[in-house]
Structures are given as C-alpha cells and as structure tokens.
Amino acid sequence: MTAFRRRQRWATAGALALALLLVAVVWRAATEATPPLRIQRTLAAYVQLPGRAPALAWPRAGQAAFEVQGVGGITASGGLAPVPIASVAKIMTAYLVLSEHPLAPHSQGFTITITPADAADEERRAELLESILPVRAGERLTERQALQALLLPSANNIAALLAVHDAGSQAAFVARMNATARRLHMVSTTYTDPSGFSDTTVSTAVDQIKLARLAMRLPAFAAIVAQRSVELPVAGSVANYDALIGRDGYAGIKTGSDRAAGGCFVFAKRTTVIGRRVLILGAVLGQRQGPIIEAALSSAQRLGDSIAAALRVETVLPAGTRVLSASDVDGDRSTGSTAGALREVGWGGLELPLRVAFQSPTSALRAGERVATVTVGAGGTSAVSVVASRTVGGASLGWRLRHLL
C-alpha cells in the first residue's frame, strides 16, 4: 500500500470518528435532562385581617373559649387552670363509645340489658341527688338510646353503664378517657369518672373545644346533641338540658353543673356569612350568676351571638399578589401571582396562616400556567391558584454545551 493510500485511509477514518463524536455530542446535548426550576416563596407566612378587633361578650367570671371552625385557632379568656367540669365530661364518654361503636344514620347499635344491680345503682345515685335516668331490671336500651340518655338528661348511671359495656369496668374506661385526652393534646384535662360527678374530673375551656371539634365530626353525636327531647322505654319523654337548641342556630352540645363546677356549657352554633356556612364552637365554665345551668346558657348565648355578629368575609389577598419567584438554569426569571382574590371569613385583627402548596417540580413554565395553590386559615377551606407571569425554563444550547464541558 502506497503512502498516499495510507494517508487517505487514515483521513477517512478520522473524519468518520469526528462525525461520530459530533453526533454523540449533539445527541447528549439534546437529551441531557434539564434541572427543575428553582422556586422560592416570597409570600408572608401570616396575614392580618383589616379592621379593629371586635368587643366580644366574654363572661365576667370563669373561663371561656371559642373557635370558628376552619378559620382561626382557639381564642380564650379567663385563664387556663384546670377546673371541675361536671357533666361536660360526658362529651368524652360519648366520643369514645361512638369511636369504638360507630352509628349509621338509622342504626340503633348494640343493646344493653338493665340488671337488678343497675336498677339498684340508679336508686343509690338518685338518693345522692345525682342526675339519673329511671331504669328497670330487664329493660333494654340500644346504644343510641343510651347515648341520648347520657347527653340530653345527662344521666350519670347511663355513663357508668356505657363505660362498663365498652371497657369492662369504669376504671378501664377512665384510663381510656385520659389516654385519649393525651392523644388529643388536652394537656390540662384529667378524668376520674365517666360522668363528671367527681370534683377531680377537671379540664379547661380550651381543651373542651379540642374535643368538641372532633365529636361534632361524628354524625351520630351531632344528631343526638341537637335533639330537644326523646322518648325512652321506661323514663318516657326526657328533655335536653340545653334550652338553646334550635334557637338562632344553636345545635348542642353539652351542659354540666354542680357546686364545684358551677354552670358549664360547651356549645355549637351554626351561622351563615355571605352564603358560607360556618360552625362556631364555644365553651364556658364556672358560671354562677343565678341558677347555674341558666347562667351557663346565658353566658354562652351572649358570647356565641357576639362572635356571629363579628364575622364577615374579608379579602385576604387581592388578585395579582406575588407569591413566589421561579428561575431556570440560564438565570431567566418568572413570578407567580394569585389568579384571583383570596377571601376568608373572620374578624378585624384576626391573624391567619397562609400556606403555599407547590405543583410537582418542573423544568419549565408557560405564562399563565398554574404553579401553586395558596390556602388560608387553619382548615384551608379557602384557596386560590398561583399562575406564572411569563414563560421560563428549557435550557439554552449554550447551557447544554457548557454543561457537557
């Protein structure tokens, strides 16, 4: 082979290798994955509604607390020291029974047969002037009837019956009550009996709101506490101690009263604010202005009505509020802003948390594309989309070539 032909062959091989290398470089540059956009939140963590805080009708004595579900946290007055709560303790008793034995809308649940010992226990409690439900040996009470007797005429003997049926003994049931209180972060609550008759069963208004929030999510509980009266096998017609039922949106929950506790009432009030249904949960403890049950009901009604009157819908974030910034690998930037106004129920001066949920990481955005969602309040019931202001992303050829090097 001549030197010329060898040089020609080497030149051809070199050109082919160079072409293959160029193809590989172009293929690698074209297929190199582009890193996702760098997205940073620019929106504040909290927003305060405009206007002055309302003058709410807090009780002059005792404790009180309330929560507007899905809007703000719990607001309290009168201190956080544990105090006796009397029959308000039965909220936990009912909550545990229904948690273990859920009731469908038309179901009656399990059945308890009254024994001679149960009848004797009712007579003993009546002599001690406890709140009781008349029962007779051989009588059969369904779960629903027992819960009605527990929550409306506030029967202590039925609290004991339910505790034994559920846990085998009152002591075991009380242990479950306290374990549940710890799990629900009711840090100032101690249960020593299932009815609240013991002065050592103590709690706070704040803790009872935490429990009421969950109890009212149980349809059977919410339905029972909203009843004005029921018919029971031996006792006949029994009325709810909650005289506010059915008035101005009041829908339960539980009264409690004795010498140590004074008048206590955990309440629920439904109201509508510009077409939006709202549930107010409140609690008043230690009310003693006159007959103690009436004192608790009156204090709760004044507080609940003043809260409802203070509620209004406010614009939390106007349309076009900047929420985030996004930048790509070439340094090009876009912003994300609210696509519309974000509005929420509240009152003047209320501070609400703002949460931003980003979409899945992406390497490019088109103008007008949704990049996140902003929600406001504890329940996150009000939300608005966040959209990109301009197209950004997709690496340039220069970045790809630099990245290869």
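**Ground rules.** I number residues from 1 along each chain as its sequence is written, and side-chain values use heavy atoms, with hydrogens and water left out. Since the model is predicted, local features need pLDDT of at least 70 and side-chain atom pairs count only at pLDDT 80 or more, while totals for chains, interfaces and linings use all residues.

**Entry 1: helix α4.** I started with α4, residues 143–151. My helices (H or I, at least four residues) and strands (E, at least two) are DSSP runs, numbered from the N terminus. Nine of the nine residues of α4 are buried, so the rest of the structure largely encloses this helix. For burial I use under 20% relative accessible area, with exposed over 50% and partly exposed in between (1.4 Å probe, protein chains only).

**Entry 2: L150.** I then picked L150, which lies in α4 and has a relative accessible area of 0%. Leaving aside neighbours within four places in sequence, L150 is in contact (heavy atoms within 4.5 Å) with K90, T93, A94, A155, I158, A159, L162 and K254. T93 is 57 residues away along the chain, yet the two C-alpha atoms are separated by 8.7 Å.

**Entry 3: the cores.** Which residues have the most contacts inside the largest nonpolar core? They are I158, F221 and I253, in a core of 62 residues. By nonpolar core I mean a set of buried Ala, Val, Leu, Ile, Met, Phe, Trp, Tyr and Cys residues joined through side-chain atoms within 4.5 Å. Helix α2 gives this core its largest share, seven residues. Setting aside neighbours within four places in sequence, I158 touches L133, V135, L141, A146, A149 and L150. Apart from this core lies another, of 47 residues, with Y250, A310, V323 and V376 among them.

**Entry 4: α2 against α6.** Next I looked at α2 (residues 90–100) and α6 (residues 170–183), which pack at about 90° with their axes 10 Å apart. Axes are lines fitted to C-alpha atoms, for helices over the stretch in contact, and angles run from 0 to 180 degrees between N-to-C directions. That makes the two helices roughly perpendicular, a label for 65 to 115 degrees. On the α2 side the contact includes M92, Y95 and L96, and on the α6 side F173, M177 and T180 are among the residues.

**Entry 5: Q208.** Is Q208 buried or exposed? Q208, in helix α7 (residues 205–215), is buried at 0% relative accessible area. Not counting residues up to four places away in sequence, Q208 touches I85, V88, I91, M186, T189, Y191, S203 and V266.

**Entry 6: the sheet.** I finished with an open sheet of five strands, in the order β4-β3-β13-β12-β11 with antiparallel pairing. Strands count as paired if DSSP finds at least two bridges between them. The edge strands, pairing on one side only, are β4 (75–77) and β11 (250–258). Neighbouring strands are turned by 10° against each other on average, direction ignored. Seven bridges join β11 to β12 (residues 262–273), and D258 stands opposite G262. Helix α9 (residues 292–310) packs on the sheet, its direction making about 25° with that of β12.

Definitions and conventions. Angles under 35 degrees count as roughly parallel, over 145 as roughly antiparallel, 65 to 115 as roughly perpendicular and the rest as oblique.
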